[in-house]
Amino acid sequence: MTEENSRTVGPLILVGPPGAGKGTQAKRIAERYGIPQISTGDILRDNVVRGTRLGMQAKSIMARGELVPDDLVCDMVASRLRQADCERGFILDGFPRTAAQAGWLDAFFEHEFFDNAHRGKCLPIVIRIDVDYNQLLLRLTGRRSCQTCGRIYNVHSQPPRVDELCDVDGSRLVTRNDDREEVIVERLAAYQAQTRPVADYYERKGRLVSVNGDLPVEDVTAQVVRVIEDHSAVEAGKPASGA
Ligand code: AP5
C-alpha cells in the first residue's frame, strides 16, 4: 500500500458547471488516493435504471435538466456517507448543489463526523473547476460513457481507441439522456441560478479553491492534487507548496 493510499484525504468537494470535468477528475483522484467517488448524478442514474422509488421520482426531473428535490438527494447522500469505505475520506462530485444542500452537509459533518474518533474534525476541501462556456457545450455534446465501468470519453478530446466502444471492457458507449442541446441549456441555467451560490458560500467561509479546467485532463488533475497536498501539509503543520 502506498502512502497516498493509506492516509486520510479530504473530504473533497468538486463543484463546477455541467461538463466542467468533475466526474473525470473525481475518478482520477479516487484512484490515486484509494477513496470513493460519490457522484449524486451517477447514483440517481443508477436508481433510474433499476426503477427504484427514488429513480421513478427523479427520472422526469433529470430529463428536463432540473434539480432533484433537496430532501431526496440529502437522504441518499447520508446513507452513502455512512458506509465504511468513506472513513478515510471521499470525493463528492455534484453535491452540494443548492444552498440548502450545503447547509445540510455542514450540519451532517458536524454531527456525524466531528464526533467520530478516527477523523477528529472535518473541514472539506472545496475545489471549483472553471471552464469557458463554449468549451462546456462542446464537452457535453461530445461526451460518451461506458455503462459497464463508468469510464468517460469525448469524441473530440478523449475518443476511445475503437469508435463507440469502451477501451476497458469493449461495451458500447452511450450518450447521456440529458446531453441533448435543449436539456444542456436548462442544466447550465440551473447551475447559474442554484449552484453558483454554493461556491460563493464556501468562498465566504474561506474554503474555496479554483482550478483552471480549460487545460488538458492531466494538467487539471495536477492542480487538484496540489490543492489536496497543500491542504494535507497545512493540516500536518508543514509549509504548503505555495503554488
Ligand atoms: P450530474 O451527473 O452531476 O451532471 P452535471 O453536474 O451536469 O455534470 P456532468 O456529469 O454533466 O459533467 P462533469 O463536470 O462531471 O464532466 P465530465 O467529467 O463528465 O447530474 C445530472 C442530473 O442529476 C442533474 O441535472 C440533476 O437533475 C441531478 N442531480 C445530480 N446531483 C444532484 C444534486 N446534488 N441535487 C439535485 N439534483 C442532482 O466531462 C464532460 C466531458 O468533457 C467528457 O466527455 C470528458 O471526457 C470531457 N472532458 C473532461 N475534462 C476535460 C478536459 N480537461 N479537456 C477536454 N475534455 C475534457
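**Overall form**

The structure is a predicted model. Its chain holds eight helices and seven strands. The radius of gyration is 18 Å, close to the 18 Å that the globule rule gives for 243 residues, so the chain is as compact as a globular protein of that length. Taken along the principal axes, the C-alpha atoms fill a box of roughly 50 × 35 × 35 Å.

**The sheet**

Strands of a sheet pair through backbone hydrogen bonds, either parallel or antiparallel. In this chain, five strands form an open sheet in the order S2-S3-S1-S4-S7, and their pairing is parallel. Strand S2 (37-39) and strand S7 (208-212) are the edge strands, each pairing on one side only. On average, and with direction ignored, neighbouring strands of the sheet are turned by 25° against each other.

One of the pairings joins strand S1 (residues 12-15) to strand S3 (residues 91-93), in the parallel sense and over three bridges. Within this pairing, Leu14 has Asp93 in S3 as its bridge partner. Helix H2 packs on the sheet, where it touches S2 and S3. The direction of H2 makes about 60° with that of S2.

**Helix contacts**

Two packed helices are described by the angle between their axes and the distance between the axes.

| Helix pair | Angle between axes | Distance between axes |
|---|---|---|
| H2 (residues 40-50) and H3 (residues 53-64) | about 110° | 8 Å |
| H6 (residues 133-142) and H7 (residues 181-204) | about 135° | 11 Å |
| H1 (residues 22-33) and H8 (residues 217-235) | about 55° | 10 Å |

Helix H2, which packs on the sheet, also packs against H3, at an angle of about 110°. That angle makes H2 roughly perpendicular to H3. The crossing of H2 past H3 is left-handed. On the H2 side, the contact involves Gly41, Leu44, Arg45, Asn47 and Val48, which meet Leu54, Gly55, Ala58, Lys59 and Met62 in H3. By class, five of the residues in this contact are nonpolar, three are polar and two are charged.

For H6 and H7, the angle is about 135°, and the two helices are therefore oblique to each other. Their crossing is right-handed. H6 contributes Tyr133, Leu136, Leu137, Leu140 and Thr141 to the contact, and H7 contributes Glu181, Ile184, Arg187 and Leu188. This contact has six nonpolar residues, one polar residue and two charged residues.

H1 and H8 pack at about 55°, which makes H1 oblique to H8. H1 passes H8 in a right-handed crossing. From H1, the residues Thr24, Gln25, Arg28, Ile29, Arg32 and Tyr33 take part; they meet Val217, Glu218, Val220, Thr221, Val224, Val225, Ile228 and Glu229 in H8. The classes represented here are seven nonpolar, three polar and four charged residues.

**Backbone features in the loops**

Phe95 and Pro96 are joined by a cis peptide bond, with omega about 0°. Pro96 lies in the loop between S3 and helix H5 (99-113). S3 is also the strand that holds Asp93, the bridge partner of Leu14.

The other feature concerns Glu164, which has a positive phi of about 65° although it is not a glycine. Glu164 is placed in the loop between strand S6 (152-154) and H7.

Key. Residues numbered from 1 in each chain as written. Predicted model: local features only at pLDDT ≥ 70, side-chain atom pairs only at ≥ 80, totals over all residues. Heavy atoms only, no water. Axes fitted to C-alpha atoms, helices over the stretch in contact; angles between N-to-C directions. Helix = DSSP H or I, 4+ residues; strand = E, 2+ residues; numbered from the N terminus. Parallel < 35°, antiparallel > 145°, perpendicular 65-115°, else oblique. Left-handed = near helix turned anticlockwise from the far one by under 90°. Contact = heavy atoms within 4.5 Å. Nonpolar A, V, L, I, M, F, W, Y, C, P; charged D, E, K, R; others polar. Pairing = 2+ DSSP bridges. Rg over C-alpha atoms; globule rule 2.2 N^0.38 Å.
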